Amino acid sequence: MSKKVAILATDGFEESELSSPKEHLEKQGWTAHIVSPKAGTIKAWAKTDWGKDYDVDKTLDEVSASDYDALVLPGGVINPDQLRTNEKALSFVQDFFQQHKPVASICHGPQILINAGAVEGRKMTSVESVSIDLKNAGAQWEDSEVVVDKGLVTSRTPKDLPAFNAKMVEEIKEGKHEEQTL
């Protein structure tokens, strides 16, 4: 069964944390759209310097959570910091939770979930530098390569991408999770 997944990102996303999940989703025969606040292209951060430009498929103004089966939030330092203060981005993220749809977030991506009010009481992981933020927001943080909590998939760093991608696909195949909510 074909699925449609939104990958929410803007300039400064960690390249592997967008390209690897996108490729993995497309290998399932699914559609993966890069959704961004701005049209055109967004620039990746590739470990220590700027990476390639990626085409934006849809802007936040053109989509809603009801258009998609799931959401992916790549990390990077710059990307989540920009998105966590963007009201349209936060509303888009919140709608996935309200519609009980799977959400997958890696590295610094959970910072967006904190601002969206989606972490309290959740078991999660992230890059270590975000662990205190998650704990302060009420999450139960653990140092594991991948953590799944009621349709929410989180991982720490690019080295966890194989486990992250596998669990992300598993949760999307399962479909809606009634416990997945704000």
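The questions and answers below proceed from the whole chain to individual residues.

Me: How many helices and strands does the protein chain have?
Reply: The model is a predicted one. Within the protein chain, the secondary structure comprises six helices and 12 strands.

Me: What radius of gyration does the protein chain have, and why does it agree with a compact globule?
Reply: The chain holds 182 residues, and a compact globule of that length would have a radius of gyration near 16 Å. Its C-alpha atoms fill a box of roughly 40 × 35 × 30 Å along the principal axes.

Me: What percentage of the residues in the protein chain is buried?
Reply: A residue counts as buried when its relative accessible area is under 20%. The protein chain exposes about 7800 Å², of which carbon and sulfur atoms supply 45%. Of the 182 residues, the buried ones make up 54%.

Me: What share of the contacts with a separation of 6 or more joins residues 24 or more positions apart?
Reply: A contact requires heavy atoms within 4.5 Å. Among contacts in the protein chain with a separation of 6 or more, residues 24 or more positions apart account for 66%.

Me: How far apart are the centres of the positive and negative side chains?
Reply: The protein chain carries 21 positive side chains and 30 negative ones. The centres of these two sets are separated by 3 Å.

Me: Is Ser36 buried or exposed?
Reply: Ser36 belongs to strand 3, which runs over residues 31-36. Beyond its neighbours within four places in sequence, Ser36 is in contact with Ala9, Thr10, Ile42, Val56, Lys58, Thr59 and Leu60. Thr59 is 23 residues away along the chain, yet the two C-alpha atoms are separated by 4.9 Å. With a relative accessible area of 0%, Ser36 is therefore buried.

Me: Which residues does Asn165 touch, not counting those up to four places away in sequence?
Reply: Asn165 is part of helix 6, residues 161-174. Its relative accessibility is 4%, so Asn165 counts as buried. The residues that Asn165 touches, leaving out those up to four places away in sequence, are Ser20, Pro21 and His24.

Me: How far apart in space are Asp133 and Ser155, C-alpha to C-alpha?
Reply: Asp133 is found in helix 5, residues 131-136, and counts as partly exposed because its relative accessibility is 32%. Apart from neighbours within four places in sequence, Asp133 is in contact with Gln111 and Ile114. Asp133 and Ser155 are 22 residues apart in sequence, and their C-alpha distance is 15 Å.

Me: Where does His100 lie?
Reply: His100 is not a glycine, although its phi is positive, at about 65 degrees. The residue is placed in the loop between helix 3 (87-98) and strand 8 (103-106).

Me: What is the phi of Lys150?
Reply: Lys150 lies in the loop between strand 11 (146-149) and strand 12 (152-155). Its relative accessibility of 40% is why Lys150 counts as partly exposed. Although Lys150 is not a glycine, its phi is positive, at about 50 degrees.

Key
Residues are numbered from 1 along each chain as its sequence is written. This is a predicted model: local features need pLDDT of at least 70, side-chain atom pairs count only at pLDDT 80 or more; totals for chains, interfaces and linings use all residues. Side-chain values use heavy atoms; hydrogens and water are left out. Helices (H or I, at least four residues) and strands (E, at least two) are DSSP runs, numbered from the N terminus. The radius of gyration is taken over C-alpha atoms; the globule rule is 2.2 Å times the number of residues to the power 0.38. Buried means under 20% relative accessible area, exposed over 50%, partly exposed in between (1.4 Å probe, protein chains only). Accessible areas come from the Shrake-Rupley method with a 1.4 Å probe; for residues, only the protein chains shown count as cover. Lys and Arg count as positive and Asp and Glu as negative; His and the chain ends are not counted. The place of a charge is taken as NZ of Lys, CZ of Arg, CG of Asp or CD of Glu.
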